[in-house]
Amino acid sequence: MKPYSRITGTGSYLPPRRVTNAELATELAGRGVETSDTWIVERTGIRARHFAAPEVTSSDLALHACRHALEAAGRTPQEIDLIIVATSTPDMVFPSSACILQHKLGIAGCAAFDLQAVCTGFVYAITVADAMIRSGTATRALVVGAEVFSRILDFSDRSTCVLFGDGAGAVVLEASDTPGILASDLHADGSQVGILCVPGTVSGGKVLGDPFLKMDGQAVFKLAVGVLESAARTTLAKAGRTEADIDWLIPHQANIRIMQGTAKRLKLPMHKLVVTVDQHGNTSAASVPLALDAAVRGGQIRKGDTLMLEGVGGGFTWGAVLLDL
Ligand code: UT7
């Protein structure tokens with residue numbers, strides 16, 4: 001049994017329909033909702049997001065991302081023995097999008113399940129996959145973040161509908177003789193359920209409660225910067241490393257001000273911050289693996305670099321993972 005796990009390939013996928021702030025503002029104006037490119041850019045850093053076509057599901061987006069990750073790792077679907085999909089917008093109530101994805105990949109038999117930790121989902125999922133690999137339960141995992149958040153947006157609520165987008169990111173995580181995942185730190189505080197949630201549910205053949213995303217943006221903002229700093233520091237301490245060892249910070253891509261604030265608190269120069277929120281918006285569980293893949297394929301991140309991945313979001317949940325690529 002190999003003592004560590006390591007990322008051997010990354011992949012991502014964005015649905016083709018790209019909607020700029022100006023396009024969204026025009027669309028919303030038609031519904032009597034007022035917003036502007038200037039407001040969105042100044043408050044969030046977002047310039048565009050991608051929206052999936054109505055018939056496209058999270059597992060469809062995940063399939064493309066996984067194919068790219070498998071190709072990068074030089075692996076076939078048949079070599080995978082664990083699939084974890086982090087998502088808050090699954091294809092169905094059940095079974096899991098991971099099971100649906102497994103079938104779309106043309107394989108059967110391996111363990112497959114969804115993980116629900118909203119925007120911290122990928123950080124949770126990679127931590128779980130690492131633990132399963134190190135315990136010998138799995139040897140080669142697909143760890144995925146996939147979302148169609150456009151389905152749960154209330155397009156009459158300008159304080160939330162301009163923030164989110166759709167997409168998927170994936171990594172192949174394999175058993176390894178050398179360390180890849182170095183340490184992680186996961187948290188949740190259920191007393192804060194109400195600050196970011198979709199309160200509705202399916203019951204008795206109907207949707208009970210509100211099926212749209214609700215957020216107290218300022219409450220989330222205030223909590224986010226503090227917990228992202230503490231999770232990063234705890235993770236570094238667990239790994240016996242310091243801020244100086246971080247080559248790239250890849251935080252959840254929700255708001256450029258939160259991301260820059262976190263980098264500043266960790267005394268990291270801004271050029272070490274991976275930013276895709278401008279082009280993707282907030283893709284929840286997909287945001288970190290999307291940003292990771294974009295930076296790998298863009299030639300910024302190279303093999304051997306030390307990365308700090310961070311998530312924060314509904315639950316309230318937060319966490320960090322430090323790894324050597
Ligand atoms: O993925 C989970 C993590 N989520 C987050 O990290 C989100 C964290 N929160 C945020 O990013 C920010 O709180 C927001 C971007 C959501 C909001 O920014 P803010 O600076 O906190 O703005 P605000 O909510 O205080 O609103 C300021 C003003 C309000 O108008 P008044 O009351 O000052 O007249 C809002 O009505 O901006 C108005 N506003 C808008 N104006 C134009 C809110 N949304 C919009 C909009 N366009 N889309």
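**Helix α4 and its cover**

I looked up what covers the buried residues of α4 in this predicted model. The cover includes α3 (58-73), β4 (82-86), β5 (111-115) and β6 (140-148). I then listed the buried positions of α4, which runs over residues 97-104. They are Ser-97, Ala-98, Ile-100, Leu-101 and Gln-102. Just after α4 I noted Gly-106, with a positive phi of about 80°.

I went back to the loop between β4 and α4, where Pro-95 sits. Which form does the peptide bond from Phe-94 to Pro-95 take, cis or trans? I found it cis, with omega near 0°.

I noted another cis peptide bond between Gly-315 and Phe-316. Its omega is about -5°. Phe-316 belongs to the loop between β14 (306-313) and β15 (317-324).

I also checked the aromatic rings and counted three aromatic pairs. One of them joins Phe-316 and Trp-318. Their ring centres are 6.0 Å apart. The planes make an angle of 45°. I put the pair down as tilted, because plane angles under 30 degrees count as stacked and those over 60 as edge-to-face. Are Phe-316 and Trp-318 buried or exposed? I have both down as buried.

I looked for residues other than glycine with a positive phi, and noted Val-118 and Ser-284. For Val-118, phi is about 45°. I placed Val-118 in the loop between β5 and α5 (121-134).

For Ser-284, phi is near 50°. This serine lies in the loop between α9 (277-280) and α10 (287-297). Why do I call Ser-284 buried? Its relative accessible area is 1%, and buried means under 20%.

**Arg-43**

I picked out Arg-43, which is part of helix α2 (residues 37-44). Its relative accessible area is 42%, so I class Arg-43 as partly exposed. The class covers values between the 20% limit for buried and the 50% limit for exposed. What does Arg-43 touch, once residues up to four places away in sequence are set aside? I found Asn-255 and Arg-257. I also took the distance from Arg-43 to Thr-87, 44 residues apart along the chain. Their C-alpha atoms are separated by 26 Å.

**The whole chain**

I have ten helices and 15 strands for the chain. The radius of gyration is 19 Å, close to the 20 Å given by the globule rule for 325 residues, so the chain is as compact as a globular protein of that length. I then took the span of the C-alpha trace along its principal axes, about 60 × 45 × 40 Å.

How much of the chain is buried? I got 55% of the 325 residues. The accessible surface comes to about 13,200 Å². Carbon and sulfur atoms hold 55% of that surface.

Last, I checked the charges. I counted 29 positive and 32 negative ones in the chain. Their mean positions are 3 Å apart.

Note on methods
Residues are numbered from 1 along each chain as its sequence is written. This is a predicted model: local features need pLDDT of at least 70, side-chain atom pairs count only at pLDDT 80 or more; totals for chains, interfaces and linings use all residues. Side-chain values use heavy atoms; hydrogens and water are left out. Helices (H or I, at least four residues) and strands (E, at least two) are DSSP runs, numbered from the N terminus. The radius of gyration is taken over C-alpha atoms; the globule rule is 2.2 Å times the number of residues to the power 0.38. Buried means under 20% relative accessible area, exposed over 50%, partly exposed in between (1.4 Å probe, protein chains only). Accessible areas come from the Shrake-Rupley method with a 1.4 Å probe; for residues, only the protein chains shown count as cover. Lys and Arg count as positive and Asp and Glu as negative; His and the chain ends are not counted. The place of a charge is taken as NZ of Lys, CZ of Arg, CG of Asp or CD of Glu. Rings of Phe, Tyr and Trp (its six-membered ring) pair if their centres lie within 6.5 Å; planes under 30 degrees apart count as stacked, over 60 as edge-to-face and the rest as tilted. Contact means heavy atoms within 4.5 Å.
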